[in-house]
Amino acid sequence: MSKVSKSIILAKNGIRKASAWSGRLASFTLLLFSYSLAVGLNYVTRFIKRGSKTDFRQRFEPIFEMLDKRDQNEISRLNLIDLSLRNMKSKKTRTVITIAGMAVGISVIVFLVSVGYGLQRLVVSRVASLEEMKQADVTTQNSVKNRINDTSLEKFTKIGHVSLVLPMVSAVGRISYQNSITDMAVYGVTTDYLLHSAIRPEKGRLFESNKISLAPVTTVTSGSVAGVSTQDEETIAEKKVNFTVQPGVWVRVRQEANSGAQIIGYTKRIEFPQQGVETKGEAYRDEGQVRDSWVKATVPLWQNDGGTYTPITGNTNQQQSKEGYFAELGVTTSEYHPIEVTPQVLGESTSSATLNDNSAWVEIASVSASEQTQETKTVGLAGNAFKQAVVNQSVLRVLNLKESEAIGKKFSISFVILANLLPDQSEKLVSDPASYQIVGVTPDNKAPIIYVPLADLRSLGVSNYTQVKVVAANQSALSVIRKQIETMGYDTSSVADTVAQINTLFATVRNALMILGLVALFVAALGMLNTLTISLLEKTREVGLMKVMGMKSAKIQELFLTESMIMGFYGGVLGILLGAALGFILSFGLSIMSVTKGFGLVAVAYIPLGMIIGIILLSLVVGLITGIFPAQRATKISALDALRYE
């Protein structure tokens with residue numbers, strides 16, 4: 001027989017023996033657990049109902065027979081367990097100290113590793129939710145030929161296990177509010193995009209729009225955009241105009257375009273021409289002629305106190321500007337053209353204003369500066385645009401708005417669309433100012449961000465998307481989806497990458513903590529070895545007597561191994577309970593500190609089920625290894641010498 005054949009046979013025998021030992025260890029664990037449960041139920045029953053003669057060991061007899069299979073002439077393992085427990089009871093103090101030492105060693109491991117698991121869960125929960133683990137963001141590789149457009153969305157949708165494809169367009173918004181102008185980041189998104197991004201308003205609601213584009217309407221623009229050309233102004237009910245109030249004239253501003261509507265204030269001539277929309281309303285007489293032209297615009301308001309006009313101010317003591325209607329009486333209108341006005345940012349010129357140290361603000365400012373050399377096209381929003389916005393707390397702080405008063409407020413915004421999102425990438429696009437209503441406020445207080453319906457920005461002629469959020473049907477399919485998208489020439493990123501790095505880091509930390517705990521367990525194992533060795537010396541005569549009565553050496557060995565494994569098992573169970581209690585005390589203390597500072601509860605300890613099973617098996621293995629030496633010595637004791645031993 002060749003050496004290779006012998007090696008194969010030895011390997012097979014080793015595997016067979018290892019499988020047999022694993023099976024015996026598993027069955028012994030279940031048998032010991034069942035026996036302990038039955039004994040424990042007996043004690044509880046007799047404590048609650050004194051005098052009760054109920055014996056749960058008889059009820060567990062079918063389980064014992066199933067787990068304790070033996071030859072007819074052999075002593076059962078159940079009897080060995082019972083005999084071992086009686087031996088341990090005879091030396092209660094020594095047994096308690098040994099099991100307590102084992103429990104302390106196990107509890108150190110359980111406590112340290114559970115803290116590692118708890119911190120990992122805490123960090124991961126702060127980084128991402130379970131829903132975000134199924135998402136990936138798709139961006140371009142800065143390639144002009146490989147933009148994300150409607151064709152790309154169709155390709156992404158056809159990939160297997162893709163649940164949703166949610167596009168997003170980023171732009172710059174030039175906000176005008178209470179005679180101040182500032183630039184902010186604007187994201188055109190759908191409602192589903194916000195929901196899957198875990199963006200929830202703490203005040204108000206989200207706008208309801210999952211449309212990618214709006215139905216075509218007849219509007220007036222300054223040129224051809226996305227195939228829609230300028231229409232004849234006489235065939236359209238509304239058109240944009242420039243207007244100027246005549247000197248010395250106070251114009252009534254109403255809520256609607258009719259003389260019976262409520263007057264919301266008065267306005268007068270300001271230094272530069274204003275922009276508005278000429279619309280049709282109730283007919284009125286102007287120098288003998290019947291006219292029905294009204295102007296809808298956002299204008300500063302005054303109130304009339306007996307012929308004295310004073311500015312209408314809010315809680316901020318700044319003059320209010322609102323959208324309203326006024327007849328073209330004392331008002332001169334002219335053909336619409338963009339008005340160049342030097343903007344003021346919160347009372348400072350844009351050339352010298354320092355908005356914020358936040359990187360998002362700096363990026364917006366740099367984009368605006370770099371795009372000034374490109375040709376600019378001015379267009380208007382579609383007539384059926386939603387004109388609703390969700391803002392964060394930083395926007396309210398910049399606009400000097402209170403959160404409790406923000407819902408329903410309107411501000412004027414002009415969108416700046418960069419060239420890479422347009423069909424003609426040689427020019428950028430600026431929209432006409434439009435009035436948007438705040439419908440929701442998110443708790444984010446970092447960089448100012450405004451979310452508007454994606455369909456509104458698409459109506460300006462946007463053909464490409466900044467990025468797309470792809471949602472997988474399940475977490476396991478995400479990696480496959482990302483690989484297919486990356487083969488198309490796009491970049492993907494996901495919070496799952498960050499979570500994977502966190503898991504790797506904490507796995508290393510847990511291993512280090514477990515090594516520290518094993519030191520304490522090693523010390524406890526030495527104590528158990530000492531206890532078993534002394535127990536063997538005390539039972540030398542008993543060992544000899546059992547051999548004389550016909551008990552085989554293998555069963556004597558198994559008796560000592562059973563005793564050591566019982567101590568290991570009970571030490572492991574108590575160690576798990578003690579370690580869990582220490583973790584709970586730590587979490588409770590940190591939660592008290594967290595709640596007093598305005599944060600929620602903190603759980604820094606977590607024990608998964610697999611860890612509990614692993615710790616119990618580890619305790620049994622330690623008990624088994626510790627008992628091997630005393631058990632081997634017991635088999636070598638001579639029966640006659642043992643009977644003469646004093």
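**Helix packing and a few loop residues**

Okay, let's start with G527, which is partly exposed, with a relative accessible area of 31%. On that scale, buried is under 20%, exposed is over 50% and partly exposed is in between, using a 1.4 Å probe and protein chains only. G527 belongs to helix α13, residues 495-538. G527 and I99 are 428 residues apart in sequence, yet their C-alpha atoms are 9.4 Å apart in space.

A word on the model: it is predicted, so local features need a pLDDT of at least 70 and side-chain atom pairs count only at 80 or more, while totals for chains, interfaces and linings use all residues. Residues are numbered from 1 along each chain as its sequence is written, and side-chain values use heavy atoms, leaving out hydrogens and water. Helices (H or I, at least four residues) and strands (E, at least two) are DSSP runs, numbered from the N terminus.

Now α6, residues 150-157. Which of its residues are buried? They are S152, L153 and F156. These cover an arc of only 100 degrees around the axis, which puts them on the same side of α6; the arc is taken from the directions that run from the helix axis to the C-beta atoms. Remember that an α-helix has 3.6 residues a turn, so residues three or four places apart point the same way. The buried residues of α6 pack against β1 (135-139), β2 (162-177), β22 (467-472) and α12 (478-487), where a contact is heavy atoms within 4.5 Å. At the start of α6, a side-chain oxygen of N149 comes within 3.1 Å of the backbone nitrogen of T151.

After that, in the loop between α6 and β2, you find H161. Its phi is near 70 degrees, positive although H161 is not a glycine. Most residues other than glycine have a negative phi. H161 counts as exposed, at 54% relative accessibility.

Over to α12, one of the partners of α6. Its buried residues are L478, I481, R482 and I485. They too sit on the same side of the helix, α12, because they cover an arc of only 100 degrees around the axis. K483 and T487, on the other side of α12, are exposed. What do the buried residues of α12 pack against? Their partners are β1, α6, β2, β22, β23 (491-493) and α13. Following α12 there is G489, with a positive phi near 100 degrees.

Last topic: helix pairs. How do α4 (residues 77-90) and α15 (residues 553-596) cross? Their axes come within 9 Å and cross at roughly 65 degrees; axes are lines fitted to C-alpha atoms, for helices over the stretch in contact, and angles run from 0 to 180 degrees between N-to-C directions. That makes α4 and α15 roughly perpendicular, a label for angles of 65 to 115 degrees. The contact includes L80, I81 and M88 of α4, and L559, I566 and Y570 of α15. The crossing of α4 and α15 is right-handed, meaning that the near helix is turned clockwise from the far one by less than a right angle.

α15 also packs with α14 (residues 540-548), at an angle of about 145 degrees and with the axes 10 Å apart. V543, M546 and K547 of α14 meet S553, I556, L559 and F560 of α15.

Terms used:
Polar contact = N/O pair within 3.5 Å; in protein donor to acceptor, adjacent residues only side chain to side chain. Parallel < 35°, antiparallel > 145°, perpendicular 65-115°, else oblique.
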